[in-house]
Structures are given as structure tokens and as C-alpha cells.
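This report describes one protein chain, from its overall make-up to a few individual residues. The sequence and the structure come first.

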Amino acid sequence: MSRFKMEVEEVEDRRLYLLNWDVPDGGFFEGFTAAETIIRSAYGYDTEAWEFEILFPNQEELTTFHNHCRENDIQYTLGQMQTLTEAGDYLLEGVLTEKQRDALLLALQHGYIQTPRQVTLSELAEEFNISQQSLSDLIRRGNEALLEHALLNASETTPPE
């Protein structure tokens, strides 16, 4: 039973709500709280079927959730498991081109983003097998796309070709 409901935001025909409720002992949601999960999304299809996208901090907490469900005779079906990196790739689908993503990842992994830089643009471009100017453009356009998506919530933004 919901104790508190507050509309947080309205965008077009969708609304985001903040809900607080009492979690009964031994229930499905107690498993979420015991495992310190984050519910990223939840879809109710009817009175019996729900689909959750859940983040677990680590494998141990997934095991905690699973054991809680077994101990309380709660049945669930585990659909798909992803690492946070894979989930992040899904979230950025349509934001970055593959080349932008690869260029940004290379720059990050080799310390180009750090201060002081651990590698020069010229060295990165050589490893990426493109000109220094082309790599610079990929990194700049990739950063711009990420910033627009994150700061302007530009879900409509499509990557440049």
C-alpha cells in the first residue's frame, strides 16, 4: 500500500513519480532492499506479470537477492544479465557513432583525457590508424554528443555521419 506519492516531473505525456511504501517481510521487494539494488525500470503488464531492469552492486548482492527469493518461495525468471559497461553501451546507442565511441575509449584508456596527458594526439592517431585531425574531430564530436545527451537530455539527438 502506497503511503506517499508525489509527481516529480512531467514530460509530454509521461510522468515521473516518487513512491514510498511499506515492504512486507519476506516479499519480493524485501529482496531488492536486502540486496541494495537500484530499480532502473519497471513495467507492469497485468496484475500478474512485471518486468524489472535492476542494477546489483556486485555478484554477491545478486546472490543475496536470489537466496531471498528461494527462501521465500518467490519465483522469478532471470532474463538477461549485462555488465555495467554493456548496459552503458545500450544507453548510449544512437548517441555516439561506433568510430566516436572507439576514439573516446582509446583516448580514455591511454590517458589522453588525464591531466597531464599520458599520450599525445599524434600517438593515439597512429594507433587508431587515422590522421591527427580526424581523431581530434572524432573526439570533439563524441564529447559534444555525450554532453548534449547528458546535460540537455537530448534523446532526440542523432549521431553525425
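What percentage of the 161 residues in the protein chain is made up of buried residues? Buried residues account for 20% of them. The model is a predicted one.

**Overall make-up**

The protein chain holds 6 helices and 4 strands. Read from the N terminus, its elements follow the order β-β-α-β-β-α-α-α-α-α. Among contacts in the protein chain with a separation of 6 or more, 36% are between residues 24 or more positions apart.

**Nonpolar cores**

The largest nonpolar core has 15 residues, of which Tyr112, Leu124, Leu135 and Ile139 touch the most other members. At least two residues of this core come from each of helix H4 (98-109), helix H5 (121-128) and helix H6 (132-151). Another core lies apart from the largest one and has 5 residues, including Ala35, Phe65, Cys69 and Ile74.

Leaving aside neighbours within four places in sequence, Tyr112 is in contact with Ala107, Arg117, Val119, Thr120, Leu121, Leu124 and Ile139.

**Packing of H5 and H6**

Two packed helices are described by the angle between their axes and the distance between the axes. For H5 and H6, the axes come within 9 Å and cross at roughly 95°. Because angles of 65 to 115 degrees count as roughly perpendicular, H5 is roughly perpendicular to H6. On the H5 side the contact is made by Leu121, Ser122, Leu124, Ala125 and Phe128, and on the H6 side by Gln132, Leu135, Ser136, Leu138 and Ile139.

**Glu61 and Glu36**

Glu61 sits in helix H2 (residues 59-71), whereas Glu36 is in the loop between helix H1 (28-34) and strand E3 (38-44). Glu61 is buried but has no salt bridge, and Arg70, the nearest side chain of opposite charge, is 15 Å away. Glu36 has 56% relative accessibility and therefore counts as exposed, since the cut-off for exposed is over 50%.

| Residue | In contact with |
|---|---|
| Glu61 | Ala34, Ala35, Glu36 and Phe56 |
| Glu36 | Pro57 and Glu61 |

Glu36 can also be placed relative to Thr64: the two are 28 residues apart along the chain, and their C-alpha atoms are separated by 9.4 Å.

How values were computed
Residues numbered from 1 in each chain as written. Predicted model: local features only at pLDDT ≥ 70, side-chain atom pairs only at ≥ 80, totals over all residues. Heavy atoms only, no water. Buried < 20%, exposed > 50% of the residue type's maximum accessible area, 1.4 Å probe, protein only. Lys, Arg positive; Asp, Glu negative; His and termini not counted. Salt bridge = Lys/Arg side-chain N within 4 Å of Asp/Glu carboxyl O. Contact = heavy atoms within 4.5 Å. Core = buried A, V, L, I, M, F, W, Y, C linked by side-chain atoms within 4.5 Å. Axes fitted to C-alpha atoms, helices over the stretch in contact; angles between N-to-C directions. Parallel < 35°, antiparallel > 145°, perpendicular 65-115°, else oblique.
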